[in-house]
Each structure stands twice: as C-alpha cells, then as structure tokens.
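This report covers one two-chain structure.

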Amino acid sequence: MAWDNWQVFLKDDGGGRTYLQWMMDAWGWTLSVAGCAWVIAVIVGALVGTLRTLPNSPWLVRLANVWVEVFRNVPILVQLFIWYFVLPKAFPPMQQIPGFLLVVFALGFFTSARIAEQVRAGIQALPRGQRYAGMAVGFTTAQTYRYVILPMAFRIILPPLTSESMNLLKNSSVAFAVSIAELTMFAMQAQEETSRGIEIYLAVTALYAASAFAVNRIFAFIEKKVQIPGFIVAGGTGGH
Amino acid sequence: MGNLDLTFLNWDLISKFVIKGFWFSVELTIIATIGGVLFGTVLALMRLSGKKFLVIPATIYVNGLRSVPLVMVILWFFLLVPLLIGRPVGAELSAIITFIVFEAAYFSEIMRAGIQSIPRGQVYAGQAMGMTYGQNMRLVVLPQAFRNMLPVLLTQTIILFQDTSLVYAIGAYDLLKGFVTAGKIYGRPEEAYLLAAVVYFIVCFGLSYLVKKLQAKIAIIR
C-alpha cells in the first residue's frame, strides 16, 4: 500500500473537485439521510410502540401490530424500491417528491417498526404497579403515559435504541441502489473510475465505522445524563 | 393504484426467473447460517476464554464487522477475493463467503449471550465431576445455551434471509434479482418490485410466526 496509491484522493474527478471532496460530500449525504430518517423513525416508532400497549383500544393495538409486521418483514432494499419506483407510479402526485425524501421515508419507516418493537418491550418491562400507581393518583391514560410510563420506558430502551440508531446509519448504505450520492455510491463509482478500490473502500469503511462510533458515544452520553440512580437498565442486542 | 397492472404475472415468469433466485437466497441463508453459527461459536468461546491472545482478536473481529454496513462488506469481498486467490470468482460464490464471515460476527454475539445465560453453578458442577473444558462445553453448557438462544438464532436467520437481497450490489442472482430481471423483460419493473415485497413478506412473516410458536414451546420453565 504505497503512499502514491493514496494520492488518488487528490486527483480531480472530472467535475472540478477532488475525490477527497467528493467523499466528504458523500459523507454529508450519508449523515443527512440517516439523520432525517432517524427523526421519522423515533417519532413514528415511539407512537406505534406506545399504541401497541394501550389497555383498552384493541383496534389501535391491532393496527400498530400490522404496521410493525409489514415494515419488519420486507427487506429494506425492497422497501426502498417501493418508495422510489412503485408509489410514484401508483400515485402520480408523488412524482413531485424529491428522491432524497423518498429514501428518508423508506429508511425512517423501516426503522420505526424496529423501534416500535423496542418501545413496546420497554413499556411492558415496567412493573404493572407503575401503571396502577398512575391510576391511583387519578391520572388519565394519557397522563399515566406522559408522566409515569414513558419516562421510565425511554430510559430502559436507550441501549437497544443505540444499536438500532447505528443500524440505521449502516442501512443508509442501501441508498446507493437509487443513486443517492452517499458513501457507498461514492465507493462504487470511485472504485470503478480510479481502480484504486482498496484505498477508496478503506477510507469509506473508516468513515462508516467512525460515524457509528460517534453515534454510540452520543447515546452513552445521553444515557449517563438521564440515568436515575437505583434503576438498572437492561442491555440489548440488535439485528442489522 | 390505477397505473399498476399485475396481469403479466404467470407461471412462466415464476418458473423462468423467480425460482432460480429464490433457491439461491435460500441456499445462501442456509450456508451462511450453518457456517456463521460454527465460526460464531468459535469466536464466542474465544471471547469468553479469558486469554488475552484469544479475546483481543475475536473482539476486534466482531466489533469491526458490526460497525460496517453489510453492503460495504459485500463490496470488499467482491474486490478482495479475486485478488487473494488469483482468479475471478462469481458474484454468487463471493456472496456466500461474505455472508459466512459477516454473519459469524452477529451469531457469535448471540452465542456469547446464550453461553453467559447458563448459571455458573452448571460449569462448577461439570468441573466437580471431573470434566475437561471440552467435555463441560459439549455436554453441559452448549446444549443448554443452544436451547436458550434458539429463538434469537432463528430470528437472526430471518433477518439474514432479508439481508440476502443486498447481494444486489454485486449483481448476484437472488430472489430480488429474479423479480427485477423478470420486471425488465416484461416491461413491468414497478409491479415486479411489489411482487418481490409480497413474497419476502410471506416468507418472513410465516417464519417469524413459527419461531413465536416454537419459543412458547421450548421455553425452560424456571
């Protein structure tokens, strides 16, 4: 791995920027796709996961369960194609939506199903007494969730939410399939143009690993900040 | 949904394009599961051995692979395997090697958790009976650990089946590629994606339903 080989990053890509600049732009795309999708995933996932635990609304529970099963049992790449190709064809007004947003929706909803599952498990891991305590002090169901259940459940699910957020970042690599100019797309194109595959892949892999590590550290920081002394939080493992 | 037309679907399409891809996806899933579990068990035992020269490489391997997207790993192997063995390999063979190597990292985490779920007393009991490390693992710890982690293991296999669609990146002919090819030839790419989604859903939903049933059946009552 000679030093010369690494100079590929200083070469012009034919469009007035170096491969290094291109890679940094691509990193930006990866981070913005993952970041936007994360916001959707957490909001929708928290909502759907909470709905699944409601005590007296069987239809809402069923609806939320269907949501989770649908988005969890189809590969992310196939879901991406559905958002990007099938929906705009079935509903022509959707053709106005930029591709970037469609990818964000695909990744966000896919991840929301996984987060919803964690939220449900987190809520159900709480002792039943917590809910009864809320009822005993005269809270409505909404108040019980807002002031008693969700604050505790949120802390319980932080470890699995960490690995799911890292998964989301890694899963954003599928955006290459619909030509979003993110890191994997850059890796494939630059490898082909320069034949310096090893250097390019190494750099891209390092950026992914660094980003995933940063996500991990941010969550560890949050976990430390919000922890309540005396409550031990369960760990979790995730898929990918 | 007026613009979608599913009437092109017929047996000819399925038998010509889809079945071949489906079998490759299944084959890849099975080989990667078996290979990944075997290799993953070795990695897990290395990490639990307490010997630094075994713990450190295994930890780097597992954490390294778990922090990189599968698509990148697939691309890496497609680039590296021909350089290493000196001749070009097909996308399918490259995919099989990649999936064993990659999934081993995830399976090893499942195995590690499973082995750690066995109370220490079981290990001590084995030692008290004079068993060697190998006997203790084979006869006492692993059978119980395997039973505890079977549901998680099978769930990971379902995820693995979904992940096989990512071989799209190197053009290997899997289930998704089968539908994409058929869609191109019949001029109905969008409908083909939709059908692919339906097939993946049926397979994965059906399998996870079976896992749930199994989980209820084999749970150890304590």
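## A core residue and its neighbours

A:L80 touches A:V103, A:A106, A:V174, A:A177 and A:V178, leaving out residues up to four places away in sequence. Touching, or contact, is a matter of C-beta atoms, placed from the backbone, lying within 7 Å. The model is predicted: local features need pLDDT of at least 70, side-chain atom pairs count only at pLDDT 80 or more, and totals for chains, interfaces and linings use all residues. Residues are numbered from 1 along each chain as its sequence is written, while chains are lettered from A and ligands numbered from 1 in the order in which they are written.

The largest nonpolar core has 115 residues. Those that touch the most other members are A:L77, A:L80, A:A187, B:I74, B:L75, B:F179 and B:A196. A nonpolar core is a set of buried Ala, Val, Leu, Ile, Met, Phe, Trp, Tyr and Cys residues joined through C-beta atoms within 7 Å. A residue is buried if 20 or more other C-beta atoms lie within 10 Å of its own, exposed if 12 or fewer, and partly exposed in between, with C-beta atoms placed from the backbone.

## Chain B overall

Chain B has eight helices and zero strands. Helices (H or I, at least four residues) and strands (E, at least two) are DSSP runs, numbered from the N terminus. The C-alpha trace of chain B spans about 70 × 50 × 25 Å along its principal axes. Of its 222 residues, 39% count as buried. Among contacts in chain B between residues at least 6 apart in sequence, 74% join residues at least 24 apart.

## The interface

Chain B gives 33 residues to the contact and chain A gives 31. On the chain B side, the elements with two or more residues are helix 3 (70–85), helix 4 (91–116), helix 6 (133–163) and helix 8 (189–218) of chain B. Helix 8 of chain B gives the most, with 11 residues. By class, the side of chain B that touches chain A has 25 nonpolar, six polar and two charged residues. Here Ala, Val, Leu, Ile, Met, Phe, Trp, Tyr, Cys and Pro count as nonpolar, Asp, Glu, Lys and Arg as charged, and the others, Gly among them, as polar.

## Helix 7 of chain B

Eight of the 11 residues of helix 7 (residues 175–185) of chain B are buried, so this helix is largely enclosed by the rest of the structure. The buried residues are B:L175, B:L176, B:K177, B:G178, B:F179, B:V180, B:A182 and B:G183. Their cover includes helix 4 (76–90) of chain A, together with helix 1 (11–48) and helix 8 of chain B. Just after helix 7 of chain B, B:G187 takes a positive phi of about 70°.

In chain A, the axes of helix 2 (residues 19–51) and helix 5 (residues 99–125) come within 6 Å and cross at roughly 40°. That makes helix 2 of chain A oblique to helix 5 of chain A. Axes are lines fitted to C-alpha atoms, for helices over the stretch in contact, and angles run from 0 to 180 degrees between N-to-C directions. Angles under 35 degrees count as roughly parallel, over 145 as roughly antiparallel, 65 to 115 as roughly perpendicular and the rest as oblique. The crossing of helix 2 of chain A with helix 5 of chain A is right-handed. Handedness is left if the near helix is turned anticlockwise from the far one by less than a right angle, and right if clockwise.

In chain B, the axes of helix 2 (residues 52–66) and helix 4 come within 9 Å and cross at roughly 110°. That makes helix 2 of chain B roughly perpendicular to helix 4 of chain B. This crossing is left-handed. Helix 2 of chain B contributes B:Y61, B:V62, B:L65 and B:R66, and helix 4 of chain B contributes B:F102, B:A105, B:S108 and B:E109.

## Positive phi in chain A

Most residues other than glycine have a negative phi. A:S179 has a positive phi near 60°. A:S179 sits in the loop between helix 8 (158–171) and helix 9 (183–194) of chain A. With 12 other C-beta atoms within 10 Å, A:S179 is exposed.

A:S195 also has a positive phi, near 55°. Its loop runs between helix 9 and helix 10 (197–226) of chain A. A:S195 is exposed, with 10 other C-beta atoms within 10 Å.

Notes:
Contact = placed C-beta atoms within 7 Å.
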